[in-house]
Amino acid sequence: MSRIPTEKHEFSVDMTCEGCSNAVSRVLNKLGGVEFDIDLPNKKVCINSEHSVDILLETLEKTGKAVSYLGPK
């Protein structure tokens, strides 16, 4: 089984609680095709995906939180 080449991207998301990180998980799982780690204390989300940065940003913004792209990981 061949894997789709994926890239790791790091985003800053203004998460303050477990509910915030759950919202991030929800929108990313709905998007599909992603593996991600949420670092709540540092307000960072690291996403491994074949989706473009624009799509990932747009998806994270659906949480209503302030989001910014920190760069490739």
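**Reading the labels**

Tutor: Asp39 lies in strand E2, where strands (E, at least two residues) and helices (H or I, at least four) are DSSP runs numbered from the N terminus. This is a predicted model, in which local features need pLDDT of at least 70 and side-chain atom pairs count only at pLDDT 80 or more, while totals for chains, interfaces and linings use all residues. Residues are numbered from 1 along each chain as its sequence is written, and side-chain values use heavy atoms, with hydrogens and water left out.

Student: Why is Asp39 called partly exposed?
Tutor: Buried means under 20% relative accessible area and exposed over 50%, with partly exposed in between (1.4 Å probe, protein chains only). Asp39 has 28% relative accessibility, so it counts as partly exposed.

Student: And why is His9 called buried?
Tutor: His9 has a relative accessible area of 4%, so it falls under the 20% limit and is buried. The place of His9 is in strand E1.

Student: What makes the pairing of the His9 and Tyr69 side chains a polar contact?
Tutor: The term asks for a pair of N or O atoms within 3.5 Å; within protein, one must be able to donate a hydrogen and the other to accept it, and residues adjacent in sequence count only if both atoms are side-chain atoms. The side chains of His9 and Tyr69 make such a contact at 2.7 Å. Asp39 and Asn42 also make one through their side chains, at 2.9 Å.

Student: Which residues does Asp39 contact, leaving aside neighbours within four places in sequence?
Tutor: Contact means heavy atoms within 4.5 Å, and on that basis Asp39 is in contact with Met15 and Lys44. With neighbours within four places again left aside, the contacts of His9 include Val45, Ile47, Leu56 and Tyr69.

Student: How do you know that E2 and E3 pair?
Tutor: Two strands pair if DSSP finds at least two bridges between them. E2 and E3 are joined by 6 bridges, so they meet that requirement, and they run antiparallel. Asp37 stands opposite Cys46 in E3, and the bridge partner of Phe36 in E3 is Ile47. The hairpin of E2 and E3 has 4 residues between the strands, and Lys43 takes a positive phi near 55° there.

Student: What makes E2 an edge strand?
Tutor: The 4 strands form an open sheet in the order E2-E3-E1-E4, with antiparallel pairing. Strands E2 (34-39) and E4 (67-72) each pair on one side only, and these are the edge strands.

Student: How do the helices lie against the strands, and at what angles?
Tutor: Axes are lines fitted to C-alpha atoms, for helices over the stretch in contact, and angles run from 0 to 180 degrees between N-to-C directions. H1 lies across E1, E2 and E3, at about 170° to E2. H2 lies across E1, E2, E3 and E4, at about 35° to E1.

Student: What makes a set of residues a nonpolar core?
Tutor: Its members are buried Ala, Val, Leu, Ile, Met, Phe, Trp, Tyr and Cys residues joined through side-chain atoms within 4.5 Å. The largest one here has 13 residues, and those with the most contacts inside it include Phe11, Val24 and Leu60. Strand E1 (7-13), helix H1 (18-31), strand E3 (44-49) and helix H2 (53-61) each supply at least two of its residues.
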